[in-house]
Amino acid sequence: MKKSTIVGIGELLFDVFPEHKALGGAPTNFAYHCQQLGHEAISISAIGRDPLGQEIREELCARQLPTILQESDYPTGTVQVTLSSKGSPTYEISEGVAWDDIHFNEELRSLAQRTDAVCFGSLAQRSETSQSTIFSFLEAMPAGSLRIFDINLRLHYYTREVIHTSLEHTDLLKLNDEEVPILALLLGIEGDMEAICRQLLELYSLQAVILTRGAAGCSIYHPKGSIFHPSASIEVVDTVGAGDSFTAGFVSALLAGRNYLEAVALATRVAAFVCSHPGAMPTLPPHYRLVATE
């Protein structure tokens, strides 16, 4: 089976925990797991001309993840992460950092024109520069490619305009149960979670809405109906990056020719594995791979 070209574009940073730091940023987490599942995956972001930026470049090189990392005069991004007793994170996100300064250029245009799927979120759109780059990339992609909006609401870094415009450029929407009421309030939608997801599906002519609900499982809403899949029973170490790995599993499976039920089953297994290991980028078992090594 031919590999697909999958891109994650947006924030790239170090998650700084009380006792250690770990490479993070949803688009890069997503791309890394897509690569582990067998596709050609590329992370697009920006780093500072500083020791942290060099450390990021070296770590992604060691992980053999292809990147386009622009160098910025802004410092490399960091996020202070605090975990609850149940492993759930809270964040303090630095502002005015390198990933706020991603620029669209011919290198990105050339990549966009051969991209089969891209995942983007709301956080990197807090700056006009990176937001403009994200939409330029989306518009340069070929017809029939997949645009995945993993909404990933963080603190106050989103607006109605950002959400609405993103949804107008989206094929697949991924969100969690905590984000549904916020989205409904921003967009003036009423009803229970299912009704809200179905309205989003229709309002923005989406191919599917992917709703994750932690231990309560996941639902996929699409024009012909819906699918529910239960969560795996695991001992949670931390949930950082779990949603990103879920999205990676789902998209990777779709591009490998799987149907929605098969895709959500794999995504659930991938996310469960990530939750049961420390950090957002553990090495997945080889049998998870969808596309054989050439």
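Trainee: What is the volume of the second largest pocket?

Mentor: The second largest pocket in this predicted model has a volume of about 160 Å³. On a 1 Å grid over the protein atoms alone, a pocket is an open set of points with protein on both sides within 12 Å along at least five of seven lines, whereas a cavity is a set where a 1.4 Å probe fits but cannot get out. The volume is the space filled by probe spheres set on the points, which are joined across faces, edges and corners.

Trainee: Which residues line that second largest pocket?

Mentor: The lining (an atom within 4 Å of a point) consists of K3, Y32, Q35, Q36, G38, H39, R63, Q64, T283, L284 and R289. By class, the lining of this pocket has two nonpolar, six polar and three charged residues. Nonpolar covers Ala, Val, Leu, Ile, Met, Phe, Trp, Tyr, Cys and Pro, charged covers Asp, Glu, Lys and Arg, and the others, Gly among them, are polar.

Trainee: And how many cavities of 30 Å³ or more are there?

Mentor: The search of the whole structure returns one. The largest cavity holds about 70 Å³ of space, and E11, A26, P27, C119, F120, G121, S122, L123, D150, N152 and D244 line it. Its lining comprises five nonpolar, three polar and three charged residues.

Trainee: Which elements each supply at least two residues of that lining?

Mentor: Helix α1 and strand β8 (117-120) do. Helices (H or I, at least four residues) and strands (E, at least two) are DSSP runs numbered from the N terminus.

Trainee: On to packing, then. At what angle do α1 and α8 pack?

Mentor: Helix α1 (residues 26-36) and helix α8 (residues 242-255) pack at about 45 degrees, and their axes are 8 Å apart. Axes are fitted to C-alpha atoms over the stretch in contact, with angles from 0 to 180 degrees between N-to-C directions. The two helices α1 and α8 are therefore oblique; under 35 degrees would be roughly parallel, over 145 roughly antiparallel and 65 to 115 roughly perpendicular.

Trainee: Which residues meet there?

Mentor: From α1 these are A26, N29, F30, H33 and C34, and from α8 they are D244, S245, T247, A248, V251 and S252. That contact (heavy atoms within 4.5 Å) has five nonpolar, five polar and one charged residues.

Trainee: How does α8 sit against α9?

Mentor: The axes of α8 and helix α9 (residues 260-275) come within 7 Å and cross at roughly 150 degrees, which means that α8 is roughly antiparallel to α9. Contributors from α8 include F246, F250 and L254, and those from α9 include V264, L266 and V270. This contact of α8 with α9 has 14 nonpolar, three polar and no charged residues.

Trainee: What does L254 touch?

Mentor: L254, in helix α8, touches L172, N259, Y260 and A263, leaving out residues up to four places away in sequence.

Trainee: Last pair: at what angle do α5 and α6 cross?

Mentor: Helix α5 (residues 160-168) and helix α6 (residues 179-187) cross at roughly 95 degrees, with axes coming within 10 Å, so α5 is roughly perpendicular to α6. R160, I163, H164 and L167 of α5 contact L183, L186 and L187 of α6.

Trainee: What conventions lie behind these values?

Mentor: Local features need pLDDT of at least 70 and side-chain atom pairs 80 or more, while totals for chains, interfaces and linings use all residues. Numbering runs from 1 along each chain as its sequence is written, and side-chain values use heavy atoms, leaving out hydrogens and water.
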